[in-house]
Amino acid sequence: MTETVLESVRGRVGEPVLSVRDLSVSFRSDTRTVHAVDGVSYDLHPGEVLAVVGESGCGKSVTSMAVMGLLPPTARIGGSIRVGGRELVGAPEKELQKIRGKDIAMIFQEPMTSLNPVLTIGRQIGEVLRRHQGLSRKEARERSVDLLDLVGIPAPRSRIDEYPHQLSGGMRQRVMIAIAVACDPSVLIADEPTTALDVTVQAGILEVLQSLRERLGTAIVLVTHDLGVVADAADRVLVMYAGRSVEEAPVHDLFATARHPYTRGLLGAVLRPGGEGKRRLPEIPGLVPSLDSQPDACTFAPRCSRADDTCTAGRPGFGSVDPGTGTDAAHRAACWHPYGAGEASDTLTATPATEPARPDQEAGK
Amino acid sequence: MTAAQTVPAPRDSAEGAADQQHPVLRIDSMERHFAASGGGTVRAVDGVSITVGRGEVVGLVGESGSGKSTVGRCAVRLDEPTGGTVHINGTDITHLSRRAVRPLRKDFHLVFQDPSSSLDPRMTIGQIIAEPIRLHRRARGAAVRERVEELLAQVGLRPEHADRHPHELSGGQRQRISIARALSCDPDLVVADEPTSALDVSVQASVLNLLADLQRDRGFGCLFITHDLAAVEFLADRIAVMYLGQIVEQAPTAELFADPKHPYTQALLSAAPVPDPVLQRSRERIVLHGELPSPLDPPPGCRFHTRCPLATERCRTEVPVLRELPGGRQVSCHLVGDDGTAPDAAV
């Protein structure tokens, strides 16, 4: 892969390549409306890895699908999504097709269902190159070999004529990445790219993503539920809960001094391998709220040990955790009573979830 | 009733309390070979021996294709091994007929990964939990309902949940139902196959706490099958690591994590990312090259030699045996000394 094509597509340093403002997504059916995303904003800078984390149903994947313009027609989308200065919300499909694959590309959790089983991998990578870059069949093939090499597929010249079923899960995901970066997009959205893979394979995929960022300057939105992956790969982290942003911070700040009680709960509940011995895991009491409405209140309040009347009376703004100084503007949280930087977490009660069940929430993937 | 109730084995001292002399589960040299469609034999499980003592939690760890789930299915006779034996409470169940196994099923139960596909959607929660109780005639009439409500309380749910259907519950609650059903006849052995892998982090924490509490209170033996190293460290007293149908290392949990001997175990532990950016970014990661070989045609010599960064000529030709090391450990690697000195695959 050549580094020469890089500079042309990159925006000026400091200007975000992807800018999401006040994004809201709702799905309406005959019986109910689901407010999957409610007022999410973030910026992604060139060469940056932003992790979007949260549990099932928090809206992290819907946000990504909205950015790609891949939501079904039943979705109502509000707010703004700008890629390289162009507005994507409300843009005609034809316009989106030009941008997708070229400026912004996506990889999914399950590479087998994203690849066409009856076409060779060379054909599938070449398709993108021929469509967006107008390469000839021969040029496309040469470039495909380079791309397979870039994503760490051994013997790319022979592998290029194989079909997806001949490859392992990890190799398929590498092929997906090769297709995604074929046109050197400025933004790559990786939605749970390693979730279906074994840990030893995951390690390799994370290294490929890292090398893309280093060699091509690709900015990556890494959507994941795995805090280990976040700790490994992210520069900055956005934590989502029930469709809203609850905290955003540089990765080290988030893990060292999380301010939002939900983030603290999530970090507390995660298992840490290696020598901690047997302790009782802190649990977050209760269940995630229904997305039938997005009330004018903190939606984490019913599960929060710090909640009081303020929390149920109004929705907290998503602002800097230290508004006075302005130095910490990169660290933001939506909470009326955020933890101080050095404050210890309240002991989370280990009450089992005995609240009435709400179907479709908290469910496994 | 069962011995499990009279001999509670506290988890913390399980190494001492677990009764190794009369294990609840003893698997000897188990093989499960399948005929491949294009000819040849898939050696999914190829000579695995594991025992689970009374009140002991044994973790069976491996990546996809290692054969760990097949071991679990054969252990509870959802599948029949093609070689070796399975004893539960001293009874050989390896080749018993379905009918002959049925009355024994009260003693062992399997918890599956995905509670939404392992619970019958047309039955109420009460019916699902009551089914084994009725089949094994553990209670009748009003006592069944009483028992169901007792079990619901034990897994942190309320009596009125008995009248709901699985789709009305969340994923975490459904897994609690699977656990309640598994425990309904006071089994001596629970085989749990990835019971928390489909759950979110915070839900996973509560289900793991529940399993740990119940196991401590009830003292059942447990074969905990998972790819999740952190979960197995949380729950297991002892861990066996599988690679390509065979056990490559087996050790008490703390020892395995502190000092993994087999290069594969070392790679596995180093690859699992730690949720701490400072620690994670300073860790040495052993990246394995090459692909998992096909169980249709496993490599000669040590099965791991094709991906092992330390493989020697001997590893390519001579099959290592699983041998005993000091401290109740076992390892199958030519490079590990009899005194337990092991090479570091990261160097």
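In this predicted model, helix H5 of chain A passes helix H6 of chain A in a right-handed crossing. H5(A) covers residues 121-133 and H6(A) covers residues 137-150. Their axes come within 8 Å and cross at roughly 120 degrees.

From H5(A), the contact draws on Ile121(A), Gly122(A), Ile125(A), Gly126(A), Leu129(A), Arg130(A) and Gln133(A). H6(A) contributes Arg137(A), Ala140(A), Arg143(A), Ser144(A), Leu147(A) and Leu148(A). Sorted by class, the residues of this contact between H5(A) and H6(A) are six nonpolar, four polar and three charged.

**Salt bridges**

Over all chains, a search of the whole structure finds 42 salt bridges. Between chain B and chain A the count is three. Two examples are tabulated, one within chain A and one joining chain A to chain B.

| Asp43(A) | Arg21(A) | 2.8 Å |

**Interface of chain B and chain A**

At this interface, 52 residues of chain B are in contact with 54 residues of chain A. The two chains bury about 4,400 Å² between them, and 54% of that area is on carbon and sulfur atoms. Across the interface, 13 residue pairs are in polar contact, counting pairs with both residues at pLDDT 80 or more.

Several helices of chain B give two or more residues to the side that touches chain A. They are H8 (171-182), H9 (201-218), H10 (229-235), H12 (263-271) and H13 (277-282). The largest share of that side comes from H9(B), which supplies nine residues. By class, the side of chain B that touches chain A divides into 24 nonpolar, 13 polar and 15 charged residues.

Terms used:
Residues are numbered from 1 along each chain as its sequence is written. Chains are lettered from A and ligands numbered from 1 in the order in which they are written. This is a predicted model: local features need pLDDT of at least 70, side-chain atom pairs count only at pLDDT 80 or more; totals for chains, interfaces and linings use all residues. Side-chain values use heavy atoms; hydrogens and water are left out. Axes are lines fitted to C-alpha atoms, for helices over the stretch in contact, and angles run from 0 to 180 degrees between N-to-C directions. Helices (H or I, at least four residues) and strands (E, at least two) are DSSP runs, numbered from the N terminus. A crossing is left-handed if the near helix is turned anticlockwise from the far one by less than a right angle, and right-handed if clockwise. Contact means heavy atoms within 4.5 Å. Ala, Val, Leu, Ile, Met, Phe, Trp, Tyr, Cys and Pro count as nonpolar, Asp, Glu, Lys and Arg as charged, and the others, Gly among them, as polar. Buried area is the accessible area (1.4 Å probe) that two parts lose on being put together, summed over both. A salt bridge is a side-chain nitrogen of Lys or Arg within 4 Å of a carboxyl oxygen of Asp or Glu. A polar contact is a pair of N or O atoms within 3.5 Å; within protein, one must be able to donate a hydrogen and the other to accept it, and residues adjacent in sequence count only if both atoms are side-chain atoms.
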